Amino acid sequence: MNEIDVLTAFIEEGYQISPEAVDLICSHCSPRELVAYVLENVDLSVLVIDVEHIDLEGFSSPVHVNEETFHLSEELPPGHPESSFDSSYQAPSMPEGFKSNYCNVESPVSVLSDITDNSTCVGEYMEFVQFFRNRYSRLSDIIRSRITSRPIESLKKGKGTNFRGSREAGEVSIIGMISDIKSTSNGHKIIEVEDPTGSFSVLIRMADKDLFEQASHFVLDEVVGFTGNLTNDGNLMIVQKVTLPDLPAVNPKKTGTFGKAVLTSDIHIGSNTFLEEPWEKFLDFLNGDTDNEALAAISKEIRYLLVAGDLVDGVGIYPGQDEELSILDVYDQYKKAGEYFSMIPKHIEIIISPGNHDAVRQAEPQPRLPENIRDYFPDNVTFVGNPSIVDLDGVKVMLYHGRSIDDLVASVPGVSYGEPTKAMVEMMKFRHLSPTYGSRVSIAPEKNDYFVIGNVPDILHCGHVHTIGVEWYKNVLLINSGTWQDQTEFQKRVNVVPTPAQVPVVDLETLKTTILKFDE
Ligand code: D5M
Ligand code: FE
Ligand code: ZN
């Protein structure tokens, strides 16, 4: 509601209103409800409504939470499971005295992992060694808790004997980082793996169908455990079993909180295919400005808005991009973004991480946007790097723009742009957001591999591919949050078909997700 709306609402009811009272109502997070409350309670003798007639305390007294949630479950992608949480679990309850919406509720944000201000890398050889060792050490620790493995060096020394020098018998296990995947002339797979002590070749036979299927999901630089028998010359392992660093079969239940988080990404402000009208409808929704009661009920419960990269279209990102821009200067694009984000109610905590169209280094992990750009945005925005992990009042969300999805679509069977969460399942199984070095993702060798999924998040939120997807994987909610950009000429050429202006809204207590559409 703007000032004129407030003014006319009172005039229509036969009241005048002072400018200070108008300001007070407009600055409130639910002005529409406040106007109704004042009109209902004002003394009939009052002619001019002033600040003293606006009883904010009375307005703020607790109201009953509407338990009915607006579920568009028929619009969820096929296979979207219902919440699998333990029904005995009690989520933290709403604080006493919450208002007609969540505008006076604290919504804490803490950043648990982020490269910002921690980058050490200059790209030297030894840094790459350290980077891959960090990955190996963390992922192999997970696998080692499931199999008893030996260092590769001990297999070679043994040459057919075990590491105590006696005749080799039975199975052995190693944990290696995949350095090469080849097919033999008979169609078997030979996989070259490395650990800090050496390298070794393992064979996966075509006839071992399940194993072969599992191995078809491997991409370079992933860490995997292999169990099998060595050939007589001791130079090759015939694999019987593979062990991934996958999430445990029983992943502990979540620690929920109340309210809702809205997840989005790939806004591409400044592109001439940026969908301004649906986006502005979305901003209205965040402000509770909607005639749809169900949407208004959701809007009132929103505590967080997360943006997983590609806030603006940027400049010079792909050949001929300048012909598809409506705002040619990247700072002007961010200025416009800042104006849009200033329209979002101040009680909604906003998290923004960058993507490949944003004005930070292209090599990942990317730090948060620089200060001269952050200055365009209001105080309720927290800027983080890509990837990063944030804790939203007990719900842990890992944000990653998702550039590696391009690699996974190109090489893993069953992973496609149409179902982006399938790529995210691969990330969870191999506990890594972007395994392959030297492919589409340019990786900076930081001391710590920020792409390793160590502590398991409650939600993994990606974007980049411009298609929406929601899926559960072992109690982790995987969401690709789509886009606000219509198909570009460039995307037509590479056959990318986006699903724009759709927004997943996550209930932070149950992690049930509703997809809202703003394109109609
Ligand atoms: O990426 C938007 C989408 O376009 C995403 O699905 C990847 C795809 N894309 C981007 N660049 C390429 C190239 N060079 N080839 C094929 N597909 C591509 P965005 O990051 O928003 O540009
Ligand atoms: Fe994008
Ligand atoms: Zn992108």
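Helix α8 is followed by Gly-288, whose phi is positive, near 80°. Helices (H or I, at least four residues) and strands (E, at least two) are DSSP runs, numbered from the N terminus. The model is predicted: local features need pLDDT of at least 70, side-chain atom pairs count only at pLDDT 80 or more, and totals for chains, interfaces and linings use all residues. Residues are numbered from 1 along each chain as its sequence is written, chains are lettered from A and ligands numbered from 1 in the order in which they are written, and side-chain values use heavy atoms, with hydrogens and water left out.

Helix α8 spans residues 276-286. Its buried residues are Pro-278, Trp-279, Phe-282, Leu-283, Phe-285 and Leu-286. Buried here means under 20% relative accessible area, with exposed over 50% and partly exposed in between (1.4 Å probe, protein chains only). Viewed down the axis of α8, these residues fall within an arc of 155°, so they line one face of the helix. The arc is that of the directions from the helix axis to the C-beta atoms. The cover over the buried residues of α8 includes the strands β9 (260-264), β10 (302-308), β18 (502-507) and β19 (513-517). It also includes the helices α9 (293-300) and α10 (330-342). Contact means heavy atoms within 4.5 Å.

Helix α1 (residues 3-12) packs with helix α3 (residues 31-41) at an angle of about 25°. Their axes lie 11 Å apart. Axes are lines fitted to C-alpha atoms, for helices over the stretch in contact, and angles run from 0 to 180 degrees between N-to-C directions. The angle makes α1 roughly parallel to α3 (under 35 degrees; over 145 is roughly antiparallel, 65 to 115 roughly perpendicular and the rest oblique). Val-6, Ala-9 and Phe-10 of α1 meet Val-35, Val-38 and Leu-39 of α3.

Two cis peptide bonds are described next. One joins Glu-364 and Pro-365, with omega about 5°. Pro-365 sits in the loop between β11 (349-353) and α11 (371-374). Another runs from Asn-386 to Pro-387, with omega near 0°. Pro-387 is in the loop between β12 (381-383) and β13 (388-392).

The loop between β15 (459-462) and β16 (468-473) holds His-464. Phi of His-464 is positive, near 75°, in a residue other than glycine. His-464 counts as buried, at 12% relative accessibility. His-466 is in the loop between β15 and β16. Phi of His-466 is near 70°, again a positive value in a residue other than glycine. His-466 is buried, with a relative accessible area of 3%.
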